[in-house]
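Please look at the sequence and the model shown here.

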Amino acid sequence: MDMNLNMNTDMKEPAVQLIAMLGQPYHPKSVQALLKPYDVKRMPAAKSYFNDTMISCAKASLRMDLYRIPKINELTGLQYTNPDEWIISAIHFLPPGSGDRIEVPYPVILPEGITMNSSPEESIAAYGPAQLDEECEWPGFSGRIIAWRGEGINIALEYEYSGEGRVLRTYTACLIGCIGAWRSDNPEVFAP
């Protein structure tokens, strides 16, 4: 594996600490404390009748995907046992316009010095050769997907074509298996 992702949680960057929470139970107060520098005063509790939910935070320009048992076990092949816990499965760092209230990009440096303004070439220089690097077009999207498979996690970057060139639309860090649509298309990168 050539990916250079440094997940040293002693680092102060909230992005690294958030990614280190992948696979852990979701505790709103812990996430809120981490995001306090961005004036995040409260993170909502996870509530859903289903086995999955999303938690968004407009002030910090991010979204978290959460799963319960049995869904998290089915997706990842892992063996979580507490059916009452919501497990953090993915963190999406977002640009302006990604949601109704997101007006600024994720405000700080992402792992390995990447920012929401980094080019595809800068991302590849930071993380090493990608396991997936392809141009894509589907309704509402025309751009480039770059992804890496690390120890237990995937990093996927979506660059969208715009008038200014390629713009980083989403930086996603997730447990392997949690990018559902891509699991069957690229199992060597995304399937457990």
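**A helix and its sheet**

The buried residues of helix α4 pack against strands β5, β6 and β7. Here, contact means heavy atoms within 4.5 Å, and buried means under 20% relative accessible area, calculated with a 1.4 Å probe on protein chains only. Helices (H or I, at least four residues) and strands (E, at least two) are DSSP runs, numbered from the N terminus. The model is predicted: local features need pLDDT of at least 70, side-chain atom pairs count only at pLDDT 80 or more, and totals for chains, interfaces and linings use all residues. Residues are numbered from 1 along each chain as its sequence is written, and side-chain values use heavy atoms, with hydrogens and water left out.

Which residues of α4 are buried? They are Pro 120, Ser 123, Ala 126 and Tyr 127. These residues lie on the same side of α4, because they cover an arc of only 125 degrees around the axis; the arc is that of the directions from the helix axis to the C-beta atoms. Just after α4, Gly 128 has a positive phi of about 95 degrees.

The open sheet has seven strands in the order β1-β2-β3-β7-β6-β5-β4, and their pairing is antiparallel. Two strands pair if DSSP finds at least two bridges between them. Since β1 (52-57) and β4 (132-138) stand at the edges with a single partner strand each, one side of each is left without a neighbour in the sheet.

Within this sheet, six bridges join β2 (residues 62-67) to the antiparallel β3 (residues 87-93). Leu 66 stands opposite Ile 88 in β3.

Methods. Buried < 20%, exposed > 50% of the residue type's maximum accessible area, 1.4 Å probe, protein only.
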